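Subject: Structure for your review

Dear colleague,

Please find below the structure that I am handing over to you.

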Amino acid sequence: MVKPLTQDEVDSKIDPSVNKQWDETTPLEEQFKDLYKIVDGLKGGLLTTVRPGVGPVSRAMAVAKRVGPDFLFLANHHAKKFEDLKNDKTCQITFQNSSTMDWVSITGEAVTTSNDDPRIKQVYSKGVNAWFGDLGDGVHTGMPEDPRMTLIEVKANYITYWKSTSSFPGFIKEVAQASMTGQVADTGVNRQLVDKDIQKARDSGL
């Protein structure tokens, strides 16, 4: 429901939208369950790396597997993102559901492995080869054994996400109401998970 902007929010220089939707009371286990429900419902997101002399560079990537709060991607070792990660392992994964407006932003460090990583065969799925091609030499086949096939593992250290608490029509209605009345839309919950929370999730198998 819409809520009024307060003088305290203005005086304290607080973003009223974030302030009204900020959630620190939901149990940690439930926060991770909600996070996983959002990202597992989407086939992929944007993987952002830092390119020297350019800055952040993003590209769409399909998630090969999620392991708790961490993510595995299959990628072509010849891609420029590997040059980016060689210089700076910092990266970001973003997801957004256009139907619910839920979004997730994950900051972490990327670990890249060689083609002999056994997890490549474990996460490989039919259709991946469509992005690699088959040279016909029996080596560059686009299959798990292809030397170009490499794994990127993103180890999260900070996560923030927003989860809708209303239907999409309800979201549109509330935003319109807030716009017309000068109030602030309150359509979901905004949460953050810091490094200690993420490590706890790994240790406990969340």
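I begin with one residue close to the start of the numbering used here, in which residues are counted from 1 along each chain as its sequence is written. Glu9 is in contact (heavy atoms within 4.5 Å) with Pro4, Ile14, Pro16, Asn19 and Lys20, leaving aside its neighbours within four places in sequence. The model is predicted, so local features need pLDDT of at least 70 and side-chain atom pairs count only at pLDDT 80 or more, while totals for chains, interfaces and linings use all residues; side-chain values use heavy atoms, without hydrogens and water.

Glu9 belongs to helix H1, residues 7-11; helices (H or I, at least four residues) and strands (E, at least two) are DSSP runs, numbered from the N terminus. With a relative accessible area of 3%, Glu9 is buried; buried means under 20% relative accessible area, exposed over 50%, and partly exposed in between, with a 1.4 Å probe and protein chains only. The side chain of Glu9 also makes a polar contact with the side chain of Asn19, at 2.7 Å. A polar contact is a pair of N or O atoms within 3.5 Å; within protein, one must be able to donate a hydrogen and the other to accept it, and residues adjacent in sequence count only if both atoms are side-chain atoms.

Gln21 is found in helix H2, residues 16-21, and counts as buried because its relative accessibility is 7%. Its side chain reaches the backbone nitrogen of Thr187 at 3.1 Å. Beyond its neighbours within four places in sequence, Gln21 is in contact with residues including Trp162, Ala185 and Asn190.

Two residues of strand S7 may be taken together. Tyr158 has its place in this strand and is partly exposed, with a relative accessible area of 29%. The side chain of Tyr158 makes a polar contact with that of Gln192 (2.8 Å). Tyr158 and Asp195 are 37 residues apart in sequence, yet 5.8 Å apart in space, C-alpha to C-alpha. Leu151 is likewise placed in strand S7, but it counts as buried, at 0% relative accessibility.

In soluble globular proteins, nonpolar side chains tend to be buried together. Here the largest nonpolar core has 27 residues, and those with the most contacts inside it are Leu35, Ile93, Phe95, Val104, Ile106, Ile152 and Ile159. Such a core is a set of buried Ala, Val, Leu, Ile, Met, Phe, Trp, Tyr and Cys residues joined through side-chain atoms within 4.5 Å. Among the elements that give two or more residues to this core are helix H3 (28-40), strand S5 (90-96) and strand S7 (149-164). Apart from this core lies another, of 9 residues, among them Leu74, Val123, Tyr124 and Phe132.

As for the whole, the protein has 7 helices and 8 strands. Its C-alpha trace spans about 70 × 35 × 35 Å along the principal axes. Of the 206 residues, 40% are buried. Among contacts between residues at least 6 apart in sequence, 68% join residues at least 24 apart.

With kind regards
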